[in-house]
Amino acid sequence: MSTSPSSDPDQMLTHFRQALQSFRTSNAPFRILSSVPKPLNSTSLPPPPPPKTLYILDSSFNPPTLAHARIILSALQSSTSAATPHRVLLLLAIKNADKAPKPASFEERLAMMEIFAQDLLANFKPSSTTQPEQGEVGVDIAVTTLPYFADKYPHISPSEAYPLPETEQVHLVGYDTLVRLLDTKYYPPSHSLKPIQPFLEEHRLRVTYRADHEWGDREAQDRYLSDLGEGKREDIGGLSKWVTEKRIVMVDGRKDGEEVISSTKVRKAVVDGDEKALGKLVTTGVKDWILRNALYKE
């Protein structure tokens, strides 16, 4: 596992550029590139216990936004488990290695994820019912070459950092991702949901309602999940216990009156030169990084 890079912009980019090159040449499907806070480099201390719960946010992070922060903080603050510590995994899929990613490079996104993690932990306040040691939340920043859930999760747990059965993955996803996950067209040749049954046997999905009309209103989204729980997709391998045993749960992604935030809005604010709007969409550290490095200007 790599340690956190320096906060110096040039050193951060160099660190992640070299880490990405090493990852790509290794042919490994998954690797943690940095952690916040930085692990203690001491051989005299015992290694920390593996997390009981690993909250995974898999996104393009182009850039990381306050919407990402809301999703993570909501999950952390809702946890009632006394087991510690919890961890967060920010996961970036590295695809099309021969094609330059746009509009921000992968190393730029990873640097922003690092800064975002620092801002996130600075603003995390455990609930009053949380055990004192539960405040020890860490964030790992990782990359993967695998595009689909059914392929990714076996390489996250079990791993040295998140061994099974100690660590349960809770994937923080939007309703649109849930619909794609349960779409049989992604599972040839059988075109059934059997390939993801082992995944949901061991891990969970915390699904955020989508606010835009493209995916239907809240009632329609609830109906999609209730149909699954009533066994209406058993014929294609969709198990009702995923709902009845709360392997999949729906949650609110934002409070009433809060602005809908997207990476597209962030990039538009930059192009418009609207720093005030930008400050309402990303954390302070990410905002400063974007402006300092003139990202998303075109």
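Student: Why is Ala117 called buried?

Tutor: The model is a predicted one, in which local features need pLDDT of at least 70 and side-chain atom pairs count only at pLDDT 80 or more, while totals for chains, interfaces and linings use all residues. Residues are numbered from 1 along each chain as its sequence is written, and side-chain values use heavy atoms, with hydrogens and water left out. The word buried means under 20% relative accessible area, exposed means over 50%, and partly exposed covers what is in between, with a 1.4 Å probe and protein chains only. Ala117 has a relative accessible area of 0%, and therefore it is buried.

Student: Where does Ala117 lie, and what does Ala117 touch?

Tutor: Ala117 has its place in helix H3, where helices (H or I, at least four residues) and strands (E, at least two) are DSSP runs numbered from the N terminus. Not counting residues up to four places away in sequence, Ala117 touches Val36, Leu90 and Val139, a contact being heavy atoms within 4.5 Å. The C-alpha atoms of Ala117 and Pro37 are separated by 8.8 Å, although the two residues are 80 apart along the chain.

Student: What is the phi of His191, and why does His191 count as partly exposed?

Tutor: Phi of His191 is near 50°, a positive value in a residue other than glycine. His191, in the loop between helix H5 (175–181) and helix H6 (197–202), has 40% relative accessibility and therefore counts as partly exposed. Ala294, in the segment after H11, has a positive phi of about 55° although it is not a glycine, and its relative accessible area of 43% makes Ala294 partly exposed.

Student: How do you know that H1 and H3 are oblique to each other?

Tutor: Two packed helices are described by the angle between their axes and the distance between the axes. The axes are lines fitted to C-alpha atoms, for helices over the stretch in contact, and the angles run from 0 to 180 degrees between N-to-C directions. Angles under 35 degrees count as roughly parallel, over 145 as roughly antiparallel, 65 to 115 as roughly perpendicular, and the rest as oblique. Helix H1 (residues 9–26) and H3 pack at an angle of about 120°, with their axes 9 Å apart, and H1 and H3 are therefore oblique to each other. Among the residues that meet are Phe16 and Leu20 in H1 and Leu110 and Ala111 in H3.

Student: What makes H3 roughly antiparallel to H11?

Tutor: The axes of H3 and helix H11 (residues 284–292) come within 8 Å and cross at roughly 150°, and that angle makes H3 roughly antiparallel to H11. The contact is made by residues including Ile115 and Phe116 of H3 and Trp289 and Ile290 of H11.

Student: What is called the largest nonpolar core here, and how many residues does it have?

Tutor: A nonpolar core is a set of buried Ala, Val, Leu, Ile, Met, Phe, Trp, Tyr and Cys residues joined through side-chain atoms within 4.5 Å. The largest one has 51 residues, and those with the most contacts inside it are Ile72, Leu90, Leu110 and Ile290. Its largest share, 9 residues, comes from helix H3 (residues 106–122). Apart from it lies another core of 22 residues, among them Tyr153, Tyr187, Tyr224 and Ile248.

Student: Why do His171 and Gln221 count as buried?

Tutor: His171, in strand S5 (residues 168–174), has 4% relative accessibility and therefore counts as buried. Gln221, in helix H7 (residues 218–229), has a relative accessible area of 1%, so Gln221 is buried as well.
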